[in-house]
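Subject: Structure handover

Hello,

Here is the structure we talked about. Please open it alongside this note, which goes through what was found.

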Amino acid sequence: MSFTSCTLSFTGGTEKTVLATRSLVKTLGISGVKTITLKVGSKDVSVPIKLVKRPGMTLYLPIAIKQALRVPRSGRAYVHYDAANQELRLGPLIGIMTGAMVRTSAESPHGPRSSLMRSYLSAGANKAFYFAFTPHDVDWSEGTVVGHFVSGEGEWVRKTVPLPDVVYNRLASRRAEKQQSFESFKERFIRKGIPVFNWSYFDKWDVYKILEGDEMKKHVPESHINPSPETLKAMLERHKFIYLKPTAGSLGNGIYRLTYHPGKGYFARFRQNNQNVLLRYGKFAGLSSMLGISRGRLRNYVAQQGIRLIEIDSCPIDFRFHMHKNSRDEWIVAGIGAKKAGRGSVTTHVKNGGQVMTPEQALGLVFGDRGNQVLEHAKQVAIQLCQAIERNYKRVLGELGLDIGIDQNERIWMFEANSKPGRSIFKHPGLKHQGRASLNHLVDYSVYLAKFRPRKEA
Ligand SMILES: Nc1ncnc2c1ncn2[C@@H]1O[C@H](COP(=O)(O)OP(=O)(O)O)[C@@H](O)[C@H]1O
Ligand SMILES: [Mg+2]
């Protein structure tokens with residue numbers, strides 16, 4: 001089996017023969033073959049192939065074949081040849097699945113997410129056939145999808161294409177994703193041999209459970225789901241401060257930081273109406289009643305041991321490690337944002353006054369010359385955490401956003417693993433380059449999953 005990238009060129013006329021230049025035929029090892037199965041995504045046709053004496057690596061496709069296979073565009077693409085089956089695949093066809101948005105238009109077919117979609121697609125523009133689609137765009141009976149492509153001129157264009165070779169799931173609704181109908185929808189791709197990554201949102205508790213029994217669990221602070229008042233009280237005595245987080249939460253919403261000072265009482269910090277609130281209770285019962293535990297208000301909350309994070313100017317800092325699988329199916333750190341909490345804030349989110357820095361800046365301020373060493377260690381741990389999550393999880397993962405803390409003894413902790421990580425750290429001028437690398441890794445890994453690259457020996 002062999003693969004390379006080449007130029008696709010559409011030719012007029014009515015003939016049905018595919019022409020390939022000598023270098024392309026040689027690179028792919030197509031020799032002595034008269035007819036091949038040409039494949040794009042889920043569609044294939046059997047066609048005669050002939051050598052053409054022209055320079056370069058080009059495949060010439062007659063219009064009739066372009067239409068039969070619904071090839072979305074000419075230009076650069078990968079080709080993969082399987083000599084055993086005389087099968088030549090073009091593409092790959094990569095679909096990013098996103099949600100149907102209410103406010104859409106021709107200029108922004110994915111509503112407010114259009115520019116995000118555009119940045120994903122731009123990274124694959126000259127490599128693969130890359131498009132965005134919503135679940136409604138799939139026609140299972142025809143085996144086609146109406147995809148949104150970005151043209152060379154940067155315009156959105158709708159094209160009907162075969163089912164993709166791989167699906168990158170960026171559906172942005174936890175609620176929609178929990179529905180059984182959506183689960184079955186994704187399963188249909190799997191049944192057709194089409195990989196889907198990442199399968200779904202992770203709840204925090206899902207990830208802690210996934211790591212249960214794994215050696216890497218030691219990097220997760222002690223955590224309990226649906227804590228009883230007794231559990232909270234005991235945790236507060238043991239750890240002095242704890243975090244309460246909604247298991248399916250994000251962006252710091254609904255988080256409490258509880259502290260116990262023997263002699264002074266119990267303190268609760270949280271964010272309300274865009275302000276940081278601090279409350280004090282002399283007795284645990286007061287705190288417990290404010291939290292509404294007996295009224296069931298902490299259902300689906302996780303109580304977690306508080307970690308004393310390293311600080312800059314007395315503000316805690318933590319890190320977003322944006323992790324990817326690369327084209328060799330290995331986890332790598334694509335980009336790291338250090339996040340300094342806003343004063344009085346219980347989280348480091350920018351919308352709560354947090355500030356993004358490069359990790360070199362932040363760790364240099366905390367550890368001086370040793371900053372780099374601490375960073376390298378944290379990277380190793382982040383990679384091992386991704387490997388651990390992956391080995392204990394039955395679905396394919398290609399990207400994870402780890403929220404990582406470093407405590408005052410330099411221990412590394414993971415607060416959560418996001419399976420649909422945001423990209424806000426990459427807005428920082430010092431992280432733009434990593435942002436682009438991250439987008440490229442998504443394409444490379446999709447190409448790998450689509451089996452356009454040699455796979456590791458089992
Ligand atoms: N156990 C903890 N100890 C110390 N800080 C924490 C802890 N859990 C969360 N935090 C802080 O709160 C932030 C948000 O927590 P996280 O688990 O990432 O929830 P969210 O889904 O809201 O982002 C973290 O980035 C970190 O700054
Ligand atoms: Mg987080």
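In what order do the six strands of the open sheet run? The order is 15-20-16-17-18-19, and the pairing is antiparallel. Strands here are DSSP runs of E with at least two residues, helices are runs of H or I with at least four, and both are numbered from the N terminus. Two strands count as paired if DSSP finds at least two bridges between them.

Some ground rules first. This is a predicted model: local features need pLDDT of at least 70, side-chain atom pairs count only at pLDDT 80 or more, and totals for chains, interfaces and linings use all residues. Residues are numbered from 1 along each chain as its sequence is written, chains are lettered from A and ligands numbered from 1 in the order written, and side-chain values use heavy atoms, with hydrogens and water left out.

**Overall layout**

The protein has 458 residues, and 54% of them count as buried. Buried means under 20% relative accessible area, exposed means over 50%, and partly exposed lies in between (1.4 Å probe, protein chains only). There are 11 helices and 26 strands. The C-alpha trace spans about 90 × 50 × 40 Å along its principal axes.

The domain assignment gives domain 1 (2-90), domain 2 (94-197), domain 3 (204-219 + 308-449) and domain 4 (223-305). These bounds come from an automatic or database assignment. The centres of domain 2 and domain 4, taken over C-alpha atoms, are 40 Å apart.

Contact means heavy atoms within 4.5 Å. Of the contacts with a separation of 6 or more, 66% join residues 24 or more positions apart.

Axes are lines fitted to C-alpha atoms, for helices over the stretch in contact, and angles run from 0 to 180 degrees between N-to-C directions.

Helix 7 (residues 229-239) packs on the sheet. It touches strand 15, strand 16 (241-246), strand 17 (256-261), strand 18 and strand 20 (301-305). Its direction makes about 140° with that of strand 16. Helix 8 (residues 284-291) lies across strand 16, strand 17, strand 18 and strand 19, and runs at about 20° to strand 18.

Strand 18 (residues 265-272) pairs with strand 19 in the antiparallel sense over seven bridges. Phe267 has Arg280 in strand 19 as its bridge partner.

Tyr266 also lies in strand 18. Is Tyr266 buried or exposed? It counts as buried, because its relative accessibility is 5%. Leaving aside neighbours within four places in sequence, its contacts include Lys233, Leu236, Leu279, Phe284 and Leu287.

**Magnesium site**

Which protein donors does the magnesium ion (ligand 2) have? They are Asp403 (OD) and Glu416 (OE), lying 2.0 Å from it. Asp403 is in strand 25 (residues 399-406) and Glu416 in strand 26 (residues 412-418), 13 residues apart. Donors are N, O and S atoms within 2.8 Å of the metal (3.2 Å for Na, K and Ca); water is not among the atoms, so sites may look incomplete. Asp403 is buried at 7% relative accessible area, and Glu416 is buried at 11%.

**Cysteines**

A disulfide is a pair of cysteine sulfur atoms within 2.5 Å. By this rule the count is zero. Cys315 is buried at 5% relative accessibility, and Cys386 is buried at 0%.

Best wishes
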